[in-house]
There are 2 protein chains.
Amino acid sequence: MTTNQTMVKIILDRWEASVKQCDTLVNSLSDEQFQREIAPGKNRGIYLLGHLIAVHDHMLPLLDLGSVNYGELDKAFIESPDKAVSELPSVAELKAMWNKQKEDLKQKFDRLKTEEWFGRHTSVSEEDFAKEPHRNKLNIILTRTTHLTYHTGQLVYLK
Amino acid sequence: MTTNQTMVKIILDRWEASVKQCDTLVNSLSDEQFQREIAPGKNRGIYLLGHLIAVHDHMLPLLDLGSVNYGELDKAFIESPDKAVSELPSVAELKAMWNKQKEDLKQKFDRLKTEEWFGRHTSVSEEDFAKEPHRNKLNIILTRTTHLTYHTGQLVYLK
C-alpha cells in the first residue's frame, strides 16, 4: 500500500465510521424525538437531520461527482436557521433521503481512484490549486467529517 | 510541497481549526455556565472540559512525545461518567490546564517531521504496523479531531 493509498484509507475510514455512528443514531430515534429541541431553545433534531443531508448533497458538485439531488432542502436547512421555514419535509421523508444518500455517496466515493482524491475540488481554480495543493478532494471529506461529528454530538442528546 | 507534506498539513490544519473553535468557546463560557448540564439529565460542561483535556493528554504517549501531564484526571473524566466522582478540579483550574495544554501540544506537534507522522503510534506493534500502515501517528490526530468536534458541538449548547 502506497502512502497515498494509506492517506485515502485513513480519511475515508474516518468519514465512513462517522456516517455509521450518525446513521445508527438516525435510525434509532423516533419521528417524535426528531421533532424535539436538543436543548431548550436550541435546534430541533429535524433541522439537524435536514442540514446534514443538504450539506452532504453539496459534496457531489464539489467533488465533481454530479449535481445535487436535494436542492429543495437548501432554503430551509442551509440558508435559514431552525424554525424560520414552517413547511418542512416529514421526518420519515428525511430519514428516507438520509438512507438513500448514504448508499449513493458510498458508491460514488468507492469509484474514485487514489490519485483523483488528490486532485482539486471544484471551488478552487486550477491556478490557485497549483499554489495550494491541500485544497484537494480529500480535504472536502475531512471538513465534512468534522462537521458531521459536531452535529452527531448534538443529535445524541435526543436519546 | 510533497503529497506527504500536503497530507500532514490537511490533517494538522483541521486539528488546529477544531482546537481553536473549542478554545474560543471554552474561554467565552463562564465558570457558572460550565457547571450546567448541556441538556436535562446529560453531561455537565465541566465534565466534557475535563474529558477533552484527559483524552488529549493521552495523545502524548501514543505519539511517543512524552508521558501524560494530567493523569489525575483519568479517574473522574475518562473512567467514570459525569457525577460519579464528586471531587473535581474547579472550572478555573481546568481552563488553565486547557490553555497550557493547547500551547504545549502545538509546540510538540510542530517539532515532528513529516515522515515521523507516517510512523506507527505506540499502541500498535512494529509487526502489526507493517501490515496496517494506516495505524500511524497522523491517524491519532484525525480520530482525536473528530472526538473533539463531537464534544464541541455539545459544549456550544451551554451558550
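Visitor: Leaving aside its neighbours within four places in sequence, which residues is Asn4(A) in contact with?
Guide: Happy to start there, with the reminder that this is a predicted model. Asn4(A) sits in helix α1 of chain A. Its contacts, once neighbours within four places in sequence are left aside, come from both chains: Thr114(A), Glu115(A), Phe118(A), Thr3(B) and Asn4(B).

Visitor: Is Asn4(A) buried or exposed?
Guide: The cut-off for buried is under 20% relative accessible area. Asn4(A) has 14% relative accessibility, so Asn4(A) counts as buried.

Visitor: How much area do chain A and chain B bury between them?
Guide: Let's begin with the contacts: 35 residues of chain A meet 35 residues of chain B. Of the area buried between the two chains, 71% is on carbon and sulfur atoms. The total for chain A and chain B is about 2,900 Å².

Visitor: Which residues in chain A lose the most area to chain B?
Guide: Three residues stand out, and together they make up 23% of what the chain A side buries. They are Ile10(A), Tyr150(A) and Tyr157(A).

Visitor: Which element gives the largest share of the side of chain A that touches chain B?
Guide: Two elements of chain A give two or more residues to that side: α1 (3-26) and α9 (137-155). By class, the side holds 15 nonpolar, 16 polar and 4 charged residues. The largest share, 11 residues, comes from α9(A).

Visitor: What is the count of salt bridges between chain A and chain B?
Guide: Polar contacts are present here, with 10 residue pairs between chain A and chain B, both residues at pLDDT 80 or more. For salt bridges between chain A and chain B, the count is 0.

Visitor: What separates the C-alpha atoms of Glu72(B) and Pro89(B)?
Guide: Glu72(B) lies in the loop between α4 (59-62) and α5 (74-77) of chain B. Glu72(B) is exposed, with a relative accessible area of 57%. Along the chain, Glu72(B) and Pro89(B) are 17 residues apart, and their C-alpha atoms are separated by 9.9 Å.

Visitor: One backbone question: what is the phi of Asp64(A)?
Guide: Asp64(A) lies in the loop between α4 (59-62) and α5 (74-77) of chain A, and is exposed with a relative accessible area of 58%. Although Asp64(A) is not a glycine, its phi is positive, at about 60 degrees.

Visitor: And what is phi near for Lys83(B)?
Guide: Lys83(B) lies in the loop between α5 and α6 of chain B. At 43% relative accessibility, Lys83(B) counts as partly exposed. Its phi is a positive value in a residue other than glycine, near 75 degrees.

How values were computed
Residues numbered from 1 in each chain as written. Chains lettered and ligands numbered in written order. Predicted model: local features only at pLDDT ≥ 70, side-chain atom pairs only at ≥ 80, totals over all residues. Heavy atoms only, no water. Contact = heavy atoms within 4.5 Å. Buried area = accessible area lost by both parts, 1.4 Å probe. Salt bridge = Lys/Arg side-chain N within 4 Å of Asp/Glu carboxyl O. Polar contact = N/O pair within 3.5 Å; in protein donor to acceptor, adjacent residues only side chain to side chain. Helix = DSSP H or I, 4+ residues; strand = E, 2+ residues; numbered from the N terminus. Nonpolar A, V, L, I, M, F, W, Y, C, P; charged D, E, K, R; others polar. Buried < 20%, exposed > 50% of the residue type's maximum accessible area, 1.4 Å probe, protein only.
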